[in-house]
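Dear colleague,

I am passing on the structure we spoke about, so that you can look through it yourself. Below it you will find an account of what came out of the analysis.

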Amino acid sequence: MKKNFFTGKLTFESLPDHWYTIGGTVFIILVGLIVAFILTKKKRWKWLWKKWLTSTDPKRIGTMYMIFAGLMFFRGMLDAGMIWLQQSLAADSQGYLSSDHFQQIFTSHGDIMVFFVTMGFFFGLMNWIIPLQIGARDLAFPFLNSLGLWLTVSGGVLLNLFFVIGGQFANTGWLAITPLSELEFNPGVRVDYLIWSLQLSGLGSLLAGINFLVTIIKKRAPGMTLMKMPLFVWTSLCAMVLIISAFPVLTATTLLLWLDRVLEMHFFTAGFGGNQMMYINLIWMWGHPEVYILVLPAFGMFSEIVATFSKNQISGYVSMVWAAIMITVLSYLVWLHHFFTMGAGANVNSFFGIVTMFIAIPSGVQVFNWILTMFKGRVQFQSPMYWFVGFLILFMFGGMAGVFMASPPADFQVHNSLFLVAHFHTMIVGVALFGIFAGTTYWFPKIMGFRLDEKLGKRAFWLWFVGYFVSFIPLYILGFMGATRRLDHYASSTHWQPLFIISTIGFVIIACGCFTQVMQLIISYKKRKEFSDQTGDPWDGRTLEWMTTSPPPFYNFAVIPNVSTREAFWEMKQKKLPPSKSYQEFELPKNTGMGIYISVFAFFAGFALVWHIPWLALLGALGALTCVIIRSFDKHTEYMLTAEEIERVESSRGQG
Amino acid sequence: MVSDSKVFGFWVYLMTDLIVFAVLFSAFIVLRNNTFGGPSGRELFSMPFVLTETLLLLTSTFTCSLGMLFVHRNQKRSAIFWFLVTFVCGLSFLGMELFEFSELVKGGDSWQRSAFLSSFFTLVGTHGFHISIGLIWMSVAMFRIYLCPLTSDVISKIFRMALFWHFLDIVWVFIFTVVYGMGHIL
């Protein structure tokens with residue numbers, strides 16, 4: 001491809017010319033115009049900028065993470081539907097998508113669901129709940145929090161920008177497997193789009209990871225020792241340790257791939273002494289811990305939920321903590337089970353197979369503790385518990401498929417088959433996504449001040465749960481029948497088509513579940529008076545987040561509580577300890593637009609690196625650097641809230 | 001208390017950076033014999049040259065500590081003087097590294113020659129990139145000492161810069177050992 005100094009690889013041919021890129025572009029512009037129109041009409045631009053976009057309040061940042069993740073979820077589900085439709089049509093024919101288009105869809109489906117949806121929702125919930133659960137007013141680094149959000153968003157925008165400019169996304173699978181992703185086989189910019197959107201969002205996740213780790217270590221309320229932290233905080237801490245140690249590997253590995261592509265280096269090339277399997281090893285050294293980054297916070301949420309709705313403290317708290325730590329450690333030692341077929345030999349494969357099986361032990365500890373908590377308690381089946389029980393079933397189901405595949409000889413039979421696809425979807429849907437739904441339902445009254453509609457919530461659960469089985473059980477069977485993953489067409493003599501069609505019906509049921517959830521949000525909002533939560537403690541909760549009002553004031557706690565037991569709020573309720581009213585002044589972070597400015601510059605740098613425009617890349621990098629330096633000279637990043645002001649705010653909220 | 005968290009957070013960041021280097025080191029170790037008919041490290045590297053680079057960087061670490069010492073004693077002029085010496089050492093190091101790179105490229109042994117050279121240029125170049133960031137940061141720090149009163153907040157900022165500089169020195173010791181030393185002996 002020829003390069004121009006001013007525009008790099010950009011030409012007029014990069015403008016949209018397929019039905020889906022034109023459609024995507026028109027859709028993006030239309031939605032943008034509608035939003036802009038509404039904001040202008042309601043005169044909300046200033047409100048949006050001052051109250052939301054520049055906010056350093058973790059509660060607002062959390063909400064923005066979740067809105068962003070929700071939008072990306074819509075995008076990822078569209079991809080999923082297109083994949084299913086293609087596969088149920090494409091027996092003895094090409095279906096309705098070309099091979100190349102189909103490959104782009106499953107690639108972007110994977111990247112979006114992992115990086116933006118699952119991680120986005122988790123960061124959103126953590127931003128909301130972790131400061132509240134540890135009795136803090138804020139994260140350790142509020143500005144870094146805002147920067148992390150906006151870097152993640154700019155990564156997401158860059159990923160979707162291919163619709164408008166370029167028209168093609170990577171066709172390499174979500175991990176950009178070499179040598180397919182190398183320059184020789186992928187000369188355009190599509191893989192660069194993948195690389196730089198992951199670099200930006202990966203940097204955002206890394207900053208968030210450091211931030212939460214320091215927050216949990218340094219900002220806990222007085223008296224809350226590590227072994228008195230709620231389990232959601234514990235599992236989040238473990239996930240943050242994983243992020244901190246695994247995400248740099250992703251950054252470095254994708255950087256090496258990019259160097260191969262742009263400077264024609266030879267890390268992973270077929271010739272010149274490059275080593276393709278080194279890429280596979282490196283990317284899974286990040287990729288396997290990433291799996292646990294996605295499920296550990298969900299484990300913690302379920303621990304909170306099961307204790308609250310069983311009216312019982314969590315059974316075996318200490319063993320739960322050690323199980324989470326065990327999972328964290330073991331997750332570093334299993335990456336090779338993703339490619340037993342590499343040919344590393346029996347000894348290496350046995351080691352990784354056995355360590356993989358070991359993970360079943362701490363997972364089992366957690367499952368038994370959850371069941372015991374219910375067994376010893378009085379269970380109230382509200383909708384978060386529905387998701388929890390659904391999760392338990394799917395987790396054991398998918399977990400057993402995982403232990404089965406941990407055995408190398410068995411894995412050789414199902415490697416890269418739909419059996420594997422079904423297994424990891426069981427885990428990600430059943431654990432991470434069900435966790436997100438359960439956690440969102442559970443904490444929704446805290447976040448918004450009103451409960452979600454229970455009837456619709458339960459209906460959504462049943463649609464998801466049934467839809468899950470209808471869509472993924474056929475995939476397990478297809479895997480055993482020999483159907484490999486990422487098939488864009490197949491011969492009808494395989495008799496796979498009926499199963500693919502059943503699987504697609506399952507997707508339709510799941511989509512109805514999503515639709516029910518959207519309806520649930522709308523209807524609950526309309527009936528918000530009826531569902532409103534005046535007490536701040538709608539579920540009779542046990543941990544500190546239920547101590548404040550719903551929604552909490554911008555400073556979370558007027559007086560930081562003293563903690564003496566694991567279930568601090570439960571104890572306060574039992575002993576009928578009234579919250580202290582001796583207000584003292586404290587500092588809060590000011591809002592700042594710097595996070596957005598830096599991310600915009602970083603976005604332009606990323607865009608320039610995708611399209612090989614050196615001057616723009618330099619400009620973006622320099623701009624970001626200048627912003628960082630300006631920010632470092634800003635002495636007035638915090639403001640003081642005096643005791644009188646706190647008292648005034650508290651009494652205006654009926655708490656005085 | 002606040003700067004305490006910031007220093008702790010910065011340590012965590014340094015560890016993540018260390019993992020980036022760990023990946024580059026392992027890539028180098030995996031690929032160092034894949035010369036694809038091209039020259040090996042033994043043929044390319046000159047030990048006296050690299051030893052000079054190393055001594056420059058080690059000296060800069062020492063002078064950086066002296067600068068930090070005077071920051072703690074609130075002696076602005078001496079602090080700026082020693083950071084300036086550090087800056088000059090760092091800049092000379094960077095100059096030598098760029099000279100080494102340009103000589104290699106001139107001799108036809110660029111990063112495109114073999115996987116070994118790709119990994120060499122990336123590992124050493126990433127360190128050099130960090131050094132450049134460190135130099136920019138150091139000049140900002142000198143301005144900060146000149147402009148701002150040395151409150152605990154400002155000292156914490158300068159301290160983090162110094163930590164970064166020492167960190168780069170430690171990484172270089174490993175580069176010296178693994179890339180140049182092992183290349184010379186093995």
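**What was found**

Chain A has 20 helices and two strands, and please keep in mind throughout that this is a predicted model. The radius of gyration of chain A is 25 Å, which agrees with the value near 26 Å that a compact globule of 656 residues would have. Taken along the principal axes, the box filled by the C-alpha atoms of chain A is roughly 70 × 60 × 50 Å. Of the 656 residues in chain A, 53% are buried, and among the contacts between residues at least 6 apart in sequence, 83% join residues at least 24 apart.

Where the two chains meet, 29 residues of chain A are in contact with 27 residues of chain B. On the chain A side, helix 6 (190-218), helix 7 (231-262), helix 8 (276-310) and helix 19 (614-632) each supply at least two residues, with helix 7 giving the most, namely nine residues. By class, this side of chain A comprises 19 nonpolar, eight polar and two charged residues.

Within chain B, the axes of helix 5 (residues 115-147) and helix 6 (residues 152-185) come within 10 Å and cross at roughly 160°; because angles over 145 degrees count as roughly antiparallel, helix 5 of chain B is roughly antiparallel to helix 6 of chain B. The crossing of these two helices of chain B is left-handed. Residues that meet there include B:Phe120, B:Trp137 and B:Met138 in helix 5 of chain B, and B:Phe164, B:Trp165 and B:Trp172 in helix 6 of chain B. This contact has 18 nonpolar, three polar and two charged residues.

With best wishes

Note on methods
Residues are numbered from 1 along each chain as its sequence is written. Chains are lettered from A and ligands numbered from 1 in the order in which they are written. This is a predicted model: local features need pLDDT of at least 70, side-chain atom pairs count only at pLDDT 80 or more; totals for chains, interfaces and linings use all residues. Helices (H or I, at least four residues) and strands (E, at least two) are DSSP runs, numbered from the N terminus. The radius of gyration is taken over C-alpha atoms; the globule rule is 2.2 Å times the number of residues to the power 0.38. A residue is buried if 20 or more other C-beta atoms lie within 10 Å of its own, exposed if 12 or fewer, and partly exposed in between; C-beta atoms are placed from the backbone. Two residues are in contact if their C-beta atoms, placed from the backbone, lie within 7 Å. Ala, Val, Leu, Ile, Met, Phe, Trp, Tyr, Cys and Pro count as nonpolar, Asp, Glu, Lys and Arg as charged, and the others, Gly among them, as polar. Axes are lines fitted to C-alpha atoms, for helices over the stretch in contact, and angles run from 0 to 180 degrees between N-to-C directions. Angles under 35 degrees count as roughly parallel, over 145 as roughly antiparallel, 65 to 115 as roughly perpendicular and the rest as oblique. A crossing is left-handed if the near helix is turned anticlockwise from the far one by less than a right angle, and right-handed if clockwise.
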